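Please read the numbered points alongside the sequence and the coordinates.

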Amino acid sequence: MKTFELIREIDISGVSGTGIVAEGIIFSDGRIAMRWLTETATTVIFDCIEDVQTIHGHNGSTVIRYVN
């Protein structure tokens, strides 16, 4: 397993804020569980890390930083 943080430099939506906005884990089969660190925290599942980047990357204003 591998962990990561979603770091937002610009909050385009005005909802999540900036800095570390979510934490995630990549399972051995490539699937993702990600927990938002916002006031209304949610946990979401993705099929792959590329989907996370496509949906939440906002043209480079949000990056994925691997923790381990």
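In which strand is Val-63 found?

1. Val-63 lies in strand β5. The model is a predicted one, and the remarks below should be read accordingly. With a relative accessible area of 32%, Val-63 is partly exposed. Leaving aside neighbours within four places in sequence, Val-63 is in contact with Glu-5, Leu-6 and Ile-7. The C-alpha atoms of Val-63 and Thr-18 are separated by 11 Å, and these two residues are 45 residues apart along the chain.

2. Thr-62 also has its place in strand β5. Is Thr-62 buried or exposed? Thr-62 counts as buried because its relative accessibility is 0%, and the limit for a buried residue is under 20%. The side chain of Thr-62 makes a polar contact of 2.7 Å with the side chain of Arg-8. Not counting residues up to four places away in sequence, Thr-62 touches Leu-6, Ile-7, Arg-8, Gln-53, His-56 and Gly-57.

3. The pairing of the strands may be followed from β1 onward. β1 and β2 run antiparallel and are joined by seven bridges; Thr-3 stands opposite Ile-25 in β2. Five bridges join β2 to β3, again in an antiparallel arrangement, and the bridge partner of Ile-26 in β3 is Ile-32. β2 and β3 form a hairpin with five residues between them, and Gly-30 in the turn has a positive phi of about 95 degrees.

4. Strand β3, residues 32-36, is also joined to strand β4, residues 43-46, by four bridges, and the two run antiparallel. Ala-33 stands opposite Ile-45 in β4. These two strands likewise form a hairpin, with six residues between β3 and β4.

5. Helix α1 comprises residues 49-56, and its buried residues include Ile-49, Val-52 and His-56. Why do they lie on the same side of α1? They cover an arc of only 55 degrees around the axis, which puts them on the same side of the helix. Glu-50 and Thr-54, on the other side of α1, are exposed. The buried residues of α1 pack against β1 (2-8), β2 (19-26), β3, β4 and β5 (62-66). Just after α1, His-58 takes a positive phi of about 45 degrees.

6. How many residues make up the largest nonpolar core? There are twelve in all: Phe-4, Leu-6, Val-21, Ala-22, Ile-26, Ile-32, Met-34, Trp-36, Phe-46, Ile-49, Val-52 and Ile-64. β1, β2, β3 and α1 each supply at least two residues of this core. In soluble globular proteins, nonpolar side chains tend to be buried together.

7. Not counting residues up to four places away in sequence, Ile-26 touches Met-1, Lys-2, Phe-4, Arg-31, Ile-32, Ile-49 and Tyr-66. Among these contacts, Ile-32 is also its bridge partner in β3, and Ile-49 is one of the buried residues of α1.

How values were computed. Residues are numbered from 1 along each chain as its sequence is written. This is a predicted model: local features need pLDDT of at least 70, side-chain atom pairs count only at pLDDT 80 or more; totals for chains, interfaces and linings use all residues. Side-chain values use heavy atoms; hydrogens and water are left out. Two strands pair if DSSP finds at least two bridges between them. Buried means under 20% relative accessible area, exposed over 50%, partly exposed in between (1.4 Å probe, protein chains only). The arc is that of the directions from the helix axis to the C-beta atoms. Contact means heavy atoms within 4.5 Å. A nonpolar core is a set of buried Ala, Val, Leu, Ile, Met, Phe, Trp, Tyr and Cys residues joined through side-chain atoms within 4.5 Å. A polar contact is a pair of N or O atoms within 3.5 Å; within protein, one must be able to donate a hydrogen and the other to accept it, and residues adjacent in sequence count only if both atoms are side-chain atoms.
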